[in-house]
Amino acid sequence: MKYISTRGQAPELTFEDAMLTGLARDGGLYVPSEIPQMSHEEIAALAGLSYEETAYRVMRPFVGDSFTDEEFRAIIDRTYAGFGHAARAPLKQLSPNHFLLELFHGPTLAFKDFAMQLIGQLFQTALERRGDRVTIAGATSGDTGSAAMEAFRGLSNVDVFILYPHGRVSEVQRRQMTTPQDANVHALAVDGDFDDCQARVKDMFNDFDFRDGVKLAGVNSINIARVLAQVVYYFSAAVSLGAPGRKVSFTVPTGNFGDIFAGFIAKQMGLPIDQLVVATNQNDILHRCLSGEGYYKGETKPSVSPSMDIQVSSNFERALFYAYGQDAGAVAQLMDELANGGFDVSQGAMQALADTYASGRASEEETLATIKSEVAASGELLCPHGAVGVKVANEHRKADVPMITLATAHPAKFPAAVEDACGIHPPLPPRMADLYERSERVTRISSDLATLEAHFRKNIAN
Ligand SMILES: *Cc1c(COP(=O)(O)O)cnc(C)c1O
């Protein structure tokens, strides 16, 4: 199994190298050279298996020779051991044929733990074997950062620097990033918005002197290993509801397009997915693009669902790569146009996107109203991201196909918005109840590239 860049100008890599590299050297994103298939029988055989066994069977073909069977099994077992629910990704019913996939039982209460905990274990195993170290740079709109710090803290061969937009993450998100005391994890509060943070991380990767000097690695949602980890719960959820004998649909609260793209991979592998619905908040560039309006950047407007407050959606490049029939030249051209504000999608590619994805948006009022109405209807307390999903899912449901909405974070990560919406204060799970008493450690820093690079060089601990 080889991995190729969406822009066609970077070397083909193994799974391990693609994972350790993150962003390809031509600025593109790695995708598998071909997507492995699972037969009807192989999918049916997942029924009743543990999450770990499902994860092993779904991901094994993507990993190739990078890890042995035994190594990979042991890694998966360690990955999910710290989750607070035996099913790892349990389904809850909201209404007839509408289900919530709870992806917030990991250590930082958001779905990012599914992939990040796995990456932590994969990096550790690979780096120890190589006798090597890396510096991880990540941009976060809130949840990636804490998930990465939690996954890598205390490891001896990794430093983690996380850039988050100062003042634009929730207090729980901030505290989850600023309270780990391990010397190898570094929280940076950047003066700017999430797109600035993401752009600076990309700039660092494109500064080859710096990149090679500090051995930069990326674990943002562009990392192909993260996408693959997220493919697993599409299978576990669908099989619980009768797949492959029956089609299911998914609605995914979307920001950087990593989670929903994992759904696309699941579908390409053979999982019978009817609709894959992209749900956006008021930052709706993806919904506008999928509605045929082209992909043009606007201003990011802070919302009650901050983990989806972005304009440039990194993983959308992968969706475009497949929509353009794997034409890397066409993708490279679009990304050049994006640097100058945006691009129109060709008619053929638009058709391919429409065949794969549906979309919708939720305004701030609609998001809060959905939290209120859902707790009244089913007793489920949604986080604002899940509420965006439920609102859009309700617009796409069909009577004869189960709809699964991804609940991407625990409501207690966004207590102010939830309380505003419905008057209920969502408590933190007991294992995190002392978060507000822990002391914080953070550096406020400008979004200037040279300043950031100097800070990295000076503070690497390992
Ligand atoms: C990251 C995140 C999202 C968006 O996921 P993408 O893979 O970036 O599309 C949605 N909800 C929550 C809670 C998140 O943390």
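Helix H8 gives the largest share of the lining of the largest pocket, six residues. A pocket here is an open set of points on a 1 Å grid over the protein atoms alone, with protein on both sides within 12 Å along at least five of seven lines, and lining residues have an atom within 4 Å of a point. Helices are DSSP runs of H or I with at least four residues, strands are E runs of at least two, and both are numbered from the N terminus.

Before I go on, this is a predicted model, where local features need pLDDT of at least 70, side-chain atom pairs count only at pLDDT 80 or more, and totals for chains, interfaces and linings use all residues. Residues are numbered from 1 along each chain as its sequence is written, and side-chain values use heavy atoms, with hydrogens and water left out.

Back to the pocket. It holds about 550 Å³ of space, the volume being that filled by probe spheres set on grid points joined across faces, edges and corners. Its lining counts 25 residues, and Ala 199, Lys 202, Lys 297, Val 312 and Leu 338 lie nearest the centre. Two or more lining residues come from each of helix H8 (194-206), helix H13 (316-323) and helix H14 (328-339). By type, the lining has eight nonpolar, eight polar and nine charged residues. Asp, Glu, Lys and Arg count as charged; Ala, Val, Leu, Ile, Met, Phe, Trp, Tyr, Cys and Pro as nonpolar; the others, Gly among them, as polar.

Now the ligand. Where does the ligand sit? It sits in the largest cavity, a cavity being a set of grid points where a 1.4 Å probe fits but cannot get out.

The ligand is surrounded by 15 residues, with Lys 112, Asp 143, Gly 255, Asn 256 and Thr 408 the closest; to be near, a residue needs a heavy atom within 4 Å. This shell has five nonpolar, seven polar and three charged residues.

A polar backbone atom of Asn 256 is 2.7 Å from a ligand oxygen, and one of Gly 258 is 3.2 Å from a ligand oxygen. Thr 408 places a polar side-chain atom 2.8 Å from a ligand nitrogen. Alone, the ligand exposes 380 Å², and the protein buries 97% of that, by the Shrake-Rupley method with a 1.4 Å probe.

Last, the backbone. Ala 243 and Pro 244 are joined by a cis peptide bond, omega about 5 degrees.

Methods
A polar contact is a pair of N or O atoms within 3.5 Å; within protein, one must be able to donate a hydrogen and the other to accept it, and residues adjacent in sequence count only if both atoms are side-chain atoms. A molecule sits in a cavity or pocket if more than half of its atoms lie within 2 Å of its grid points.
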